[in-house]
Amino acid sequence: MGRFRGRSTTVLKPKSTHQVSQIMKWCYDKRIGVVPQGGNTGLVGGSVPINDEVVLSLSNMNNVRSFDPISGILVADAGCILQSLTDYVAPYNHIMPIDLGAKGSCQIGGNVATNAGGLRLLRYGSLHGTVLGLEVVLPDGTILDQLTTLRKDNTGYDLKQLFIGAEGTLGVITGVSILTPPAPQASNNVILALPSFNNVLPLYQTVKRQLSEILSAFEFIDRTSYDLAVKHGQGRALSDDEVAGAECFVLIETSGGRREHDEEKLSDLLGNLLEADKPLVNTGVLAQSPAQFSSLWALREGVTEAVSKEGKAYKYDISVPLSSFKDVVDGTREHLRAKGLLHDKAVKHVLGYGHVGDGNLHLNIVADAYLPEIQDALEPYVYEVVASHRGSVSAEHGIGAMKTHALHYSKSPVSIALMKKIKEIFDPRGIMNPGKVLEHD
Ligand code: FAD
Ligand code: MLT
Ligand code: ZN
């Protein structure tokens, strides 16, 4: 995103947990800051040094340690790229429980460190549930081996949970044990064009009721997001007729056990939607081939890339009630207009997309350049809106370097004080990813 730049002179690429341990011990003794780095796809500057820290890249730790096709439990080095793990388990008819647009570059260790959500959370839940064990090197070089493959283990505090979403501030994750679900026998998707955002919620209720157990994703993009995705070549554009009068789009995915059964359910749903007295959707385009399936997904997954090709993005990744998604996007646009910032030389677009099923809205403001007046107009405005809904200022991307100042909008002083105590226990010398998640005192 080009927002952070450090002055590091050194990147270390260890090949084993033992080497990570030796590096950490050395840095601990000399009080040298360390930034763990995975695929460097994070969106809040967490993997970027802000001063002269050593960068510790996990990219050379990329072996699968074991896979049990009966239980579906995969144990892998933290530096394995998510897509390569998906490819690894595919011949055994399993999939990874997590999927996201950055899958070709992000690493499983980075996914765990950010507790990434992504496109499958609706079906398979968060990494707090699917990660069974971790191997972590602590700041002083001690190896914490919690790489169990047990589904059940109620033996006191579940320490691994602390590292899931800690963004590298408590230790370096070197190994991950994760439960992979069986691959669905049939997957399908459909993109629906809606005349009004107000239809999204009733549509979600209808779709949940009619598709029930086969619903695996319910994703939303507004018209601006769709237009940008198409403009920047993400996926195949729908026809002019299909998009006419559409204010927003919903992408629905099904994953089930029997193709005919799933297809029948999906086409019944489409039929019911289109033939209703007051249709919630203008039209629907059902994927007819694996290529179309990928192309429809690309319209949704490609918004991030399209936004970054269009200009400089101010990205807000928030949890707010579903019913307020549109008000938040429209309200932000009007706020910027009132400040005189909505024109070609400042803010070009205000858009919303995200994971409806998870209550997670991505509010993006695309500008010609990063300008202080835009930043000042957006903050604390956006965070105050989020706080008024008792929402989260970071639903899935984390805090990193970008949002440390905003943590208090979602966490109480008591919570922040406890977080600081935990940090102090694990990292008394403050060398683990300094300046991330918690502000320097
Ligand atoms: P990095 O970016 O390298 O690091 C992220 C953070 O984790 C940093 O703080 C770093 O220090 C720490 N870290 C990395 N590896 C380790 C390790 N082994 N041990 C300890 N700490 C470590 N996020 C979502 O939640 N949902 C999405 O749908 C989603 N889609 C995305 C789509 C695109 C196109 C892009 C570019 C990003 C997307 N993201 C999404 C952001 C997401 O956080 C990351 O893509 C991913 O989880 C980070 O993995 P990474 O290996 O690139 O980590
Ligand atoms: C997404 O859902 O596409 C990701 O979280 C990335 C983004 O917010 O741009
Ligand atoms: Zn997302």
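This short talk walks through a few residues of the structure shown above.

First, the ground rules. This is a predicted model: local features need pLDDT of at least 70, side-chain atom pairs count only at pLDDT 80 or more, and totals for chains, interfaces and linings use all residues. Residues are numbered from 1 along each chain as its sequence is written, chains are lettered from A and ligands numbered from 1 in the order in which they are written, and side-chain values use heavy atoms, with hydrogens and water left out.

Start with the annotation. UniProt, in an unreviewed entry, lists residues 4-183 as "domain: FAD-binding PCMH-type". Its positions are given in the numbering used here, feature names are shortened, and annotations may be inferred rather than shown by experiment. In the model, the end C-alpha atoms of that span lie 39 Å apart. The span is 23% helix and 22% strand. Helices (H or I, at least four residues) and strands (E, at least two) are DSSP runs, numbered from the N terminus.

Now T180. It sits in the loop between β8 (172-179) and β9 (186-194). Is T180 buried or exposed? T180 counts as buried because its relative accessibility is 2%; buried means under 20% relative accessible area, exposed over 50%, partly exposed in between (1.4 Å probe, protein chains only). The T180 side chain reaches the backbone oxygen of G72 at 2.7 Å. I95 is 85 residues away in sequence, yet 5.8 Å away in space, C-alpha to C-alpha. Beyond neighbours within four places in sequence, T180 has contacts (heavy atoms within 4.5 Å) including F67, L74 and H94.

Next, D222, in strand β10 (residues 215-222). D222 is buried and has no salt bridge, meaning a side-chain nitrogen of Lys or Arg within 4 Å of a carboxyl oxygen of Asp or Glu. Which side chain of opposite charge is nearest to D222? R333, 4.7 Å away. Lys and Arg count as positive, Asp and Glu as negative; His and the chain ends are not counted.

C248 itself counts as buried because its relative accessibility is 1%.

Last, the backbone. The E379 to P380 peptide bond is cis, with omega near 10°. P380 is in the loop between α14 (372-378) and α15 (381-388). R390 is not a glycine, but has a positive phi of about 50°. R390 counts as exposed because its relative accessible area is 80%. N433 also has a positive phi, near 45°. N433 follows α16, and counts as buried because its relative accessibility is 2%.

How values were computed. A polar contact is a pair of N or O atoms within 3.5 Å; within protein, one must be able to donate a hydrogen and the other to accept it, and residues adjacent in sequence count only if both atoms are side-chain atoms.
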